[in-house]
Number of protein chains: 2
Amino acid sequence: MAVKERRTTRIVNVGGVQIGGGAPVSVQSMTNTPTTDVQATVEQIHRLEAAGCDIIRAAVPTREAAEALREIKAAISIPLVADIHFDYRLALMSLDAGVDKLRINPGNIGSEDRVEAVARAAQERGVPIRIGVNAGSIDRERYGLPSAEALVESGLDEVRVLERLGFEDIVLSLKAFDVPMMIKAYELASGRCDYPLHLGVTEAGPAWEGTIRSSVGIGALLAEGIGDTIRVSLTGDPVEEVKVGTEILNSLGLRDMPFTLVSCPTCGRCAIDLSAIATEVRQRLEANPPSKPITVAVMGCVVNGPGEASLADVGIAGGRGSAIIFARGEKLRTVPEDALVDELMMEVERLDK
Amino acid sequence: MAVKERRTTRIVNVGGVQIGGGAPVSVQSMTNTPTTDVQATVEQIHRLEAAGCDIIRAAVPTREAAEALREIKAAISIPLVADIHFDYRLALMSLDAGVDKLRINPGNIGSEDRVEAVARAAQERGVPIRIGVNAGSIDRERYGLPSAEALVESGLDEVRVLERLGFEDIVLSLKAFDVPMMIKAYELASGRCDYPLHLGVTEAGPAWEGTIRSSVGIGALLAEGIGDTIRVSLTGDPVEEVKVGTEILNSLGLRDMPFTLVSCPTCGRCAIDLSAIATEVRQRLEANPPSKPITVAVMGCVVNGPGEASLADVGIAGGRGSAIIFARGEKLRTVPEDALVDELMMEVERLDK
């Protein structure tokens with residue numbers, strides 16, 4: 001099943017990856033190596049790309065970092081975004097280095113002529129700008145304490161600065177740690193402009209909490225049809241951000257993964273070691289990913305087992321020390337527990353051919 | 001910030017815990033020990049309760065399991081739900097054993113007089129019934145292949161069987177592995193009846209995928225104001241289900257946790273070991289949980305750091321080998337990296353007094 005109809009937004013082209021206009025929702029991340037360490041940054045980007053990252057961003061806090069972008073860009077194949085604060089010259093240098101998008105807020109780079117210089121240079125190169133407002137850095141004198149309305153006002157004010165300069169190649173993000181605030185801000189913005197929206201829960205915390213907060217916030221919006229590109233923020237390895245981001249999309253039918261594992265929580269009815277079986281099935285599928293997306297169900301008992309197993313491409317429904325194997329909705333045979341994983345994987349391979 | 005206004009539902013009383021009618025959203029789980037192993041089951045329920053579980057369910061596949069419920073019920077303090085399929089006598093035995101709720105689908109226990117016997121016995125004891133429809137076990141001859149509409153029709157048909165017997169003390173669940181299908185089913189049901197809704201993504205998979213799928217599906221509905229009680233399904237230790245469930249509620253401002261950790265994903269700007277600091281702060285907060293809910297921000301740099309840190313109760317914003325400490329929005333002092341966690345925890349304790 002698909003989510004609700006996607007809201008229509010403009011198309012923004014980021015180095016060949018489309019954001020908005022009905023393009024597949026892309027997954028972004030940000031490097032956490034020093035940008036000046038080209039080798040470490042490139043290596044991290046290659047790992048991110050392998051995990052499913054579509055667009056990568058790097059912090060550009062210094063001139064040295066801006067200069068390093070040229071070499072990084074030459075060594076990677078996914079679009080590169082320069083993340084800039086305060087200093088408009090770093091934006092100009094990043095554009096010279098060949099980046100595919102800027103993340104910069106006009107409001108924090110100073111006078112209008114500086115903003116104009118950046119907008120003009122970006123426009124000449126066909127490079128879009130993401131305006132990224134975060135609840136934590138809102139101008140409180142102007143917008144008051146962070147709220148959904150303050151995020152939207154602040155974001156749209158930034159947008160208007162660029163629009164006045166004739167620049168409309170814009171992506172907008174309105175991030176907050178507060179999930180209901182973030183959901184409401186994007187809902188409001190979605191009703192007030194048609195720029196593509198970059199979704200994220202900011203500073204979402206360590207992997208466990210951050211995964212839950214991001215899944216709730218980003219997931220709720222995507223389920224409503226809002227959002228064109230996403231970034232999960234986790235304190236830790238950015239590869240984990242990309243994995244979580246792609247799994248959020250997969251859960252909503254917005255991206256196919258090589259395999260989807262359906263498995264029951266087990267209960268007092270379960271008479272096989274389902275958790276161990278699920279773990280082994282997952283390891284084997286990861287080691288030998290099928291060539292086309294496949295859904296595998298590992299179910300513990302006869303209550304929901306046969307039904308779920310028959311809905312999946314391949315599945316098992318556990319009995320006492322044995323299980324029934326299903327493929328494409330058909331019951332195939334009963335096999336003993338110790339042969340279960342082998343037989344299941346055999347059916348996966350057979351279907352994959 | 002709070003989520004959207006909660007939909008109004010009837011109140012159902014489950015052994016002292018209210019579901020619906022604006023009561024706090026409760027977290028449920030299910031034991032995965034053999035129900036006949038009273039000691040193991042009671043131990044698991046105590047661990048679940050400590051993790052924040054409000055209502056616990058146990059599978060009742062046999063007469064021996066039904067008999068064990070009496071002893072289990074006597075040894076625990078949270079409400080106990082009997083999960084029954086096929087055999088109405090197990091429902092009657094479970095009621096005799098003193099359970100606080102039944103999960104049973106009239107459609108799978110046979111003739112109307114059996115359903116009537118169960119409804120009458122439940123009504124006499126003031127025990128509610130959850131009708132729990134799962135996509136995997138829908139009657140396909142009657143409702144066709146699983147869909148949101150089929151889930152709702154099937155669930156409401158079960159509801160009508162009880163209503164015809166004058167039984168309206170009902171909680172309804174409409175679970176599916178397919179997250180958009182599950183979201184749509186609950187949305188439809190929410191418009192068509194006012195029974196409290198028990199949310200869940202069924203057979204959601206191992207902990208990692210299951211956490212994401214459950215957070216997206218349950219979170220999206222709660223953010224809309226739909227849902228009165230939740231159950232996260234994960235293949236593994238049910239304690240993890242309860243932790244994820246409470247964190248979903250926490251992320252939406254529906255339950256306070258002892259502490260909430262805001263931490264940034266780090267990037268090329270970060271010049272302190274933020275991941276290690278966040279991990280240590282979390283361990284210390286878990287070891288000595290504050291007496292009132294507190295939000296702690298651990299931020300890597302000056303871009304969003306001071307803003308987020310000042311929004312939290314206590315926070316740090318990292319610099320180069322040092323960080324600024326904030327409390328209640330006030331900048332307190334700059335401390336070196338190696339004294340950071342100690343100083344931060346000192347401020348947590350100070351605020352907690």
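**Helix pairs and the A–B interface**

Okay, let's start in chain B: helix H1 (residues 38-51) and helix H9 (residues 238-251) pack at an angle of about 15°, with their axes 9 Å apart. Helices here are DSSP runs of H or I, at least four residues, numbered from the N terminus. The axes are lines fitted to C-alpha atoms over the stretch in contact, with angles from 0 to 180 degrees between N-to-C directions. So H1(B) is roughly parallel to H9(B), a label for angles under 35 degrees. H1(B) brings B:Gln44, B:Arg47, B:Leu48 and B:Ala51 to the contact, and H9(B) brings B:Pro238, B:Val239, B:Val242 and B:Thr246; contact means heavy atoms within 4.5 Å.

A word on the model. It's predicted, with local features needing pLDDT of at least 70 and side-chain atom pairs pLDDT 80 or more, while totals for chains, interfaces and linings use all residues. Residues count from 1 along each chain as its sequence is written, chains are lettered from A and ligands numbered from 1 in the order written, and side-chain values use heavy atoms, leaving out hydrogens and water.

Next pair, also in chain B: the axes of H3 (residues 88-96) and H4 (residues 112-125) come within 9 Å and cross at roughly 10°. That makes H3(B) roughly parallel to H4(B).

Now, how many residues does each chain put into the A–B contact? It's 81 from chain B and 81 from chain A. Six salt bridges turn up across that interface, meaning a Lys or Arg side-chain nitrogen within 4 Å of an Asp or Glu carboxyl oxygen. A:Arg269 and B:Asp83 also meet in a salt bridge, at 2.5 Å, N to O.

Technical notes:
Helix = DSSP H or I, 4+ residues; strand = E, 2+ residues; numbered from the N terminus. Parallel < 35°, antiparallel > 145°, perpendicular 65-115°, else oblique.
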